[in-house]
Amino acid sequence: MTRIRLEYHGHVAYITLDHPPANTWTLASLQAFLQMMVELDSRPDVVALVIRGAGEKFFCAGADLKMFVDGSLGHARAVAEAFGHAFEALANFHGVSIAAINGYAMGGGLEVALACDIRIAEQQATLGLPEASVGLLPCAGGTQRLTELVGPGWAKRMILCGEKVSASRAYEMGLVEEVVTEGHAWAAAQQMAQRVVRQSPSALRVCKTLINQGRSGPRDAALPLERRLFLDLFGDPNQREGVAAFLEKRQPSWHYGAPSKKGESGNE
């Protein structure tokens with residue numbers, strides 16, 4: 001059974017989580033996801049990634065708890081490391097990643113969205129990190145990325161108290177960037193990805209680097225890096241093309257540094 005699919009359309013990649021009925025993660029699907037991210041990061045022509053869940057009810061309900069029934073420490077270690085490697089690769093992707101949350105995003109389902117750059121949720125979506133209710137904890141970045149986005153108070157309510165939030169509350173908290181009507185997260189994410197495609201791929205990379213630098217280190221270190229990377233762009237052909245296209249009132253023709261590949265890959 002196919003559990004995760006990767007497709008390419010132009011300069012945008014699409015990953016669909018497809019493990020009925022709730023699109024849960026297994027060790028195999030986490031390993032497949034990591035391989036997809038390795039592939040994506042080797043393709044400078046791909047500047048945006050959209051992640052969605054198959055079906056209408058679930059984005060992703062997190063880990064398949066059947067993996068932990070036997071209490072095997074070795075298997076638990078393998079799953080935890082697979083979660084970490086997969087979602088860290090997503091967070092470090094050179095392009096812009098967008099989560100199209102079309103239903104329940106629970107546990108590792110919310111954590112994959114937290115590792116994305118932008119989150120769009122449909123109005124009926126519910127988000128939560130309920131791991132503590134089954135004797136576990138969110139080990140795929142949840143304690144850290146959720147706290148960074150919404151602050152310690154709401155992170156403690158969601159993780160320590162098991163509180164689930166609606167899409168509208170998630171927007172008020174800063175957990176998602178946009179709320180759309182039911183059935184429209186996919187289209188909204190596609191539209192956002194196309195806005196990304198219009199940007200210089202070289203500028204995208206350095207801007208994302210700077211934003212992440214400012215989140216993980218002191219601002220005093222990020223500010224001189226910002227000026228240095230600004231000057232570095234003047235050695236890139238996209239800087240000249242972007243300015244020329246603006247002055248000539250035409251669409252720029254960006255250089256991606258590698259020939260575009262075509263096709264689709266899937267993993268069991």
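On a 1 Å grid over the protein atoms alone, a pocket is an open set of points with protein on both sides within 12 Å along at least five of seven lines, a cavity is a set of points where a 1.4 Å probe fits but cannot get out, and lining residues have an atom within 4 Å of a point. Grid points are joined across faces, edges and corners, and a volume is the space filled by probe spheres set on the points. Residues are numbered from 1 along each chain as its sequence is written, and side-chain values use heavy atoms, with hydrogens and water left out.

The average pLDDT (the predictor's confidence in each residue, from 0 to 100) of the protein chain is 91, and 95% of the residues score at least 70. Over residues 258-268, however, the pLDDT is below 50, although this stretch has 22 contacts in the model beyond near neighbours in sequence, a contact being defined by heavy atoms within 4.5 Å. Where pLDDT is low, the predicted coordinates should not be read in detail.

Nine helices and 11 strands are assigned in the protein chain, helices (H or I, at least four residues) and strands (E, at least two) being DSSP runs numbered from the N terminus. With a radius of gyration of 19 Å, close to the 18 Å that the globule rule gives for 268 residues, the protein chain is as compact as a globular protein of that length; the radius is taken over C-alpha atoms, and the rule is 2.2 Å times the number of residues to the power 0.38. The C-alpha trace spans about 60 × 45 × 40 Å along its principal axes. Of the 268 residues, 46% count as buried, where buried means under 20% relative accessible area, exposed over 50% and partly exposed in between (1.4 Å probe, protein chains only). Among contacts in the protein chain with a separation of 6 or more, 69% involve residues 24 or more positions apart.

The largest pocket has a volume of about 630 Å³ and is lined by 23 residues, of which Asp 117, Lys 208, Ile 211, Asn 212 and Arg 215 lie nearest its centre. At least two lining residues are supplied by each of α2 (73-91), β7 (118-122), α4 (142-159) and α7 (201-216), and α7 gives the most, with eight residues. By class, this lining has 11 nonpolar, four polar and eight charged residues, with Ala, Val, Leu, Ile, Met, Phe, Trp, Tyr, Cys and Pro counted as nonpolar, Asp, Glu, Lys and Arg as charged, and the others, Gly among them, as polar.

For the second largest pocket the volume is about 410 Å³. Its lining also comprises 23 residues, those closest to the centre being Ala 63, Leu 65, Phe 68, Glu 131 and Leu 136. Two or more residues of this lining come from each of α2 and α3 (108-114), and α2 provides the largest share, four residues. The class composition of the second largest pocket is 16 nonpolar, five polar and two charged residues.

One cavity of 30 Å³ or more is counted, and the largest cavity has a volume of about 40 Å³. Arg 3, Ile 4, Leu 17, Asp 18, His 19, Asn 23, Thr 24, Trp 25 and Ser 29 line the largest cavity, a set that divides into three nonpolar, four polar and two charged residues. Asn 23 belongs to the loop between β2 and α1, has a positive phi near 55° although it is a residue other than glycine, and counts as buried at 4% relative accessibility. Pro 21 is found in the loop between β2 (12-17) and α1 (27-41), and a cis peptide bond with omega of about 5° joins Pro 20 and Pro 21.

A positive phi near 55° is also computed for Lys 249, likewise a residue other than glycine. Lys 249 lies in the loop between α9 (237-247) and β11 (264-267) and, at 77% relative accessibility, counts as exposed.

Met 158, in helix α4, counts as buried at 0% relative accessibility. Residues up to four places away in sequence not being counted, Met 158 touches Leu 110, Leu 127, Gly 128, Leu 129, Leu 146, Glu 163, Val 165, Met 173 and Leu 175. The C-alpha atoms of Met 158 and Met 36, which are 122 residues apart along the chain, are separated by 30 Å.

How values were computed. This is a predicted model: local features need pLDDT of at least 70, side-chain atom pairs count only at pLDDT 80 or more; totals for chains, interfaces and linings use all residues.
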